[in-house]
Amino acid sequence: MHFSFDPSRCLGDSEWQVLIGLRTRFRRNPGGMVAADVTSTHFPPRWIRISEIMGKDFKYLDLGRHRLDGRRGYIALSPSGVEQKLEMQYLILLRNGNYPNTEIPDICRNLNPEDYRIISSGKFNFRDNENRRSGHAVVVRSGRNSSLQCPLPALKGKWKIYLTMRADGPRSGNAAEVWCKNGSQRKIFKLNEIGGEAFKTVEFGAADLSGSGLLAFSRLHPAVTLYVKEVVLIRQ
């Protein structure tokens, strides 16, 4: 797979977060075997192991944030040559590492780009009909069995997790519960912490993100509508 770009692609002088969705079917124990490598004229090569993308679901790998400055170049995926069924779903480029119209939170403004990640609600997923998207946020109207989830990227080291959200409802009581698969942390946020018309960025905690994981959001108060805008990860 070969994606070429030049000034006609309108990439402009911006930084872009590069994501690639892959899966492979492999009949043996993969061990440390390599499935493919990604190369580019604009960033270092990345070897992708079979164990990272095995299974029936596509896995999205974060290839980092890079300046694709409009010069002629390419991003290429090359299989390693082992016997496998390698499939690619999408190559995704996100301007400035975020979804369109997503501003950089104040807590990240003085940080180097490699020291934080912003996961917009555009990457959240849910399976029930109670939740829906509204502008740049996800609206959670279901109860504690809500399936709203934010997939977390696999990143080296320990990262502090912040949540940008707000809640409509009574003035007091519990508004939301958030659970993190990495480390099994749970935290309850009260209405006096996230209630009101403005989104608030609140600290959830720290986690080792070296493996894949997710955050799950649940609404606790029956009269509350919960809005989740983004998850911010800051390297510790």
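## Salt bridges and nonpolar cores

R235 and D115 form a salt bridge, with the closest N and O atoms 3.0 Å apart. A salt bridge here is a side-chain nitrogen of Lys or Arg within 4 Å of a carboxyl oxygen of Asp or Glu. R235 sits in strand β17 (residues 225-235) and D115 in the loop between β7 and β8 (116-120), so the pair ties together parts that are 120 residues apart in sequence. Helices (H or I, at least four residues) and strands (E, at least two) are DSSP runs, numbered from the N terminus.

The model is predicted: local features need pLDDT of at least 70, side-chain atom pairs count only at pLDDT 80 or more, and totals for chains, interfaces and linings use all residues. Residues are numbered from 1 along each chain as its sequence is written, and side-chain values use heavy atoms, leaving out hydrogens and water.

The structure holds seven salt bridges. Among them are these:

| Pair | Closest N and O atoms |
|---|---|
| R235 and D115 | 3.0 Å |
| R109 and D106 | 2.9 Å |
| E203 and K160 | 3.6 Å |

E203 in strand β15 (residues 200-208) and K160 in strand β12 (residues 158-168) are 43 residues apart, so this pair links distant parts of the chain.

Next, accessibility. Buried means under 20% relative accessible area, exposed over 50%, and partly exposed in between (1.4 Å probe, protein chains only). R235 is partly exposed at 34%. D115 is partly exposed at 22%. E203 is also partly exposed, at 36%. D106 is exposed, because its relative accessibility is 63%.

The largest nonpolar core has 31 residues. Such a core is a set of buried Ala, Val, Leu, Ile, Met, Phe, Trp, Tyr and Cys residues joined through side-chain atoms within 4.5 Å. Residues with the most contacts inside this core include L163, L215 and V231. Elements giving two or more residues to the core include β10 (137-140), α2 (191-194), β16 (213-219) and β17. Strand β12 supplies the largest share, five residues. L215 touches L148, I161, F204 and V231, among others, not counting residues up to four places away in sequence. Contact means heavy atoms within 4.5 Å.

A second, separate core has 20 residues, including W16, V18, A35 and V38. A35 is also one of the residues touched by L86, not counting residues up to four places away in sequence. L86 lies in strand β7 (residues 85-95) and is partly exposed at 25%. I53 is another L86 contact. L86 and I53 are 33 residues apart in sequence and 9.1 Å apart in space, C-alpha to C-alpha.
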